[in-house]
Amino acid sequence: MELRQLKYFAAVVEEGGFTRAAARLHVAQPGISAQIRQLERELGQQLLDRSGGRATPTAVGEAVLPFARAALAAVEGVRRTADEFAGLLRGRVVVGVVSGAIGEGFDIAPVLAGFHAAHPHVEIAMTEDTSERMLAALRGGGGLDLAVVGTSGPGAPPPGVGLRTIVDVPLCAAVPDGHPLLEPPGRTELPLADLEGLPLVSLPRGTGIRAALEHACAAAGFRPRIAFEASAPAQVARLAAGGLGVAVVPEPGPGAGPAGPGTETGAVAGLRMLRLTRPALRGRVAVAWPANGPATPAARALLARLCAAFPEAGA
């Protein structure tokens with residue numbers, strides 16, 4: 001029995017077939033198939049059911065799989081421990097980013113590039129999902145090491161995760177010039193209740209801004225009428241500029257043009273900002289990790305770099 005046979009077996013199960021496993025491992029498919037058949041001959045049991053166009057584990061395969069993964073994890077642990085003593089980081093870090101989080105004041109790409117330059121033996125993977133699903137993945141060991149999520153409010157982090165808020169800005173209603181909400185002239189704020197019944201443009205469910213909006217509207221006694229959704233604040237603003245609804249977006253920062261309540265955004269000409277009040281709504285973005293800390297030295301090192309690059313909001 002060889003470690004590569006266990007590695008190929010686990011990969012085929014995880015990918016659901018030989019072709020995808022071969023692509024993931026950068027190995028020829030016939031080689032994977034031959035090694036797994038050799039493993040089955042040595043064990044005297046069929047580990048994979050190859051019928052139906054997919055490779056699925058048999059009952060024996062299901063029973064063997066946890067031990068195969070444990071053996072592979074143990075070997076990786078030996079490697080990591082030796083690398084730590086040598087001051088060398090290896091492995092893989094998976095980072096999740098919520099839709100719409102990357103924008104003014106937050107750009108993760110240079111941080112990842114700097115980390116990769118400092119630790120070229122660490123593979124970095126980035127995926128995009130909703131905040132809710134990524135927080136669940138961090139709590140349940142679902143394949144994420146770190147995540148950048150939107151949060152609906154301050155206070156203690158959700159159970160099972162640690163949080164560091166890195167963006168905390170007021171939320172505004174964005175409307176085009178001439179919109180009735182801009183009356184009387186010079187208005188800079190808008191009570192949340194004035195949005196009741198109006199068509200709104202928002203980020204999708206699962207994002208922090210959408211959660212903050214829905215929670216505040218529920219507390220005010222009405223449900224927001226979401227007419228359009230878009231995956232990034234800039235797209236939300238463009239839809240509002242086209243007259244499709246009132247956009248709920250973060251207040252522009254100093255680098256976005258003549259920013260501030262009641263002014264045009266730098267991104268969309270003619271769009272005016274009214275800061276939402278009574279209650280005041282805020283958009284928050286946080287770095288999240290499992291409550292007991294990232295599992296690997298590489299993930300811990302990347303978390304430290306993220307925290308250094310983005311100071312805690314309000315600190």
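Reader: In which strand does A247 lie?

Author: This is a predicted model, and in it A247 belongs to strand β10, which spans residues 246–250.

Reader: Is A247 buried or exposed?

Author: A residue is called buried when its relative accessible area is under 20%. A247 has a relative accessible area of 0%, so it is buried.

Reader: Which residues does A247 touch, leaving aside those up to four places away in sequence?

Author: The contacts of A247 are C172, A173, A174, V201, V236, A237 and A240. As for M273, it is 26 residues from A247 in sequence, and the two C-alpha atoms are 9.4 Å apart in space.

Reader: Let us turn to charged side chains. How many salt bridges does the structure hold?

Author: Side chains of opposite charge can pair when their charged atoms come close. In this model there are 16 salt bridges. One of the pairs is E14 with R24, where the closest N and O atoms are 2.8 Å apart. Here E14 sits in helix α1 (residues 3–15) and R24 in helix α2 (residues 18–25), so that distant parts of the chain, 10 residues apart, are linked.

Reader: Which parts of the chain does the salt bridge between D168 and R282 tie together?

Author: The side chains of D168 and R282 meet at 2.6 Å, N to O. Because D168 is in strand β6 (residues 161–176) and R282 in strand β12 (residues 282–290), the pair ties together parts that are 114 residues apart in sequence. D168 is partly exposed, its relative accessible area being 29%, and R282 is partly exposed at 31%.

Reader: Where do R272 and D177 lie?

Author: R272 is in strand β11 (residues 271–277), while D177 is in the loop between β6 and β7 (189–191), so their pairing ties together parts 95 residues apart in sequence. The closest N and O atoms of this salt bridge are 3.9 Å apart. R272 has a relative accessible area of 26% and is partly exposed; D177 is partly exposed at 47%.

Key:
Residues are numbered from 1 along each chain as its sequence is written. This is a predicted model: local features need pLDDT of at least 70, side-chain atom pairs count only at pLDDT 80 or more; totals for chains, interfaces and linings use all residues. Side-chain values use heavy atoms; hydrogens and water are left out. A salt bridge is a side-chain nitrogen of Lys or Arg within 4 Å of a carboxyl oxygen of Asp or Glu. Helices (H or I, at least four residues) and strands (E, at least two) are DSSP runs, numbered from the N terminus. Buried means under 20% relative accessible area, exposed over 50%, partly exposed in between (1.4 Å probe, protein chains only). Contact means heavy atoms within 4.5 Å.
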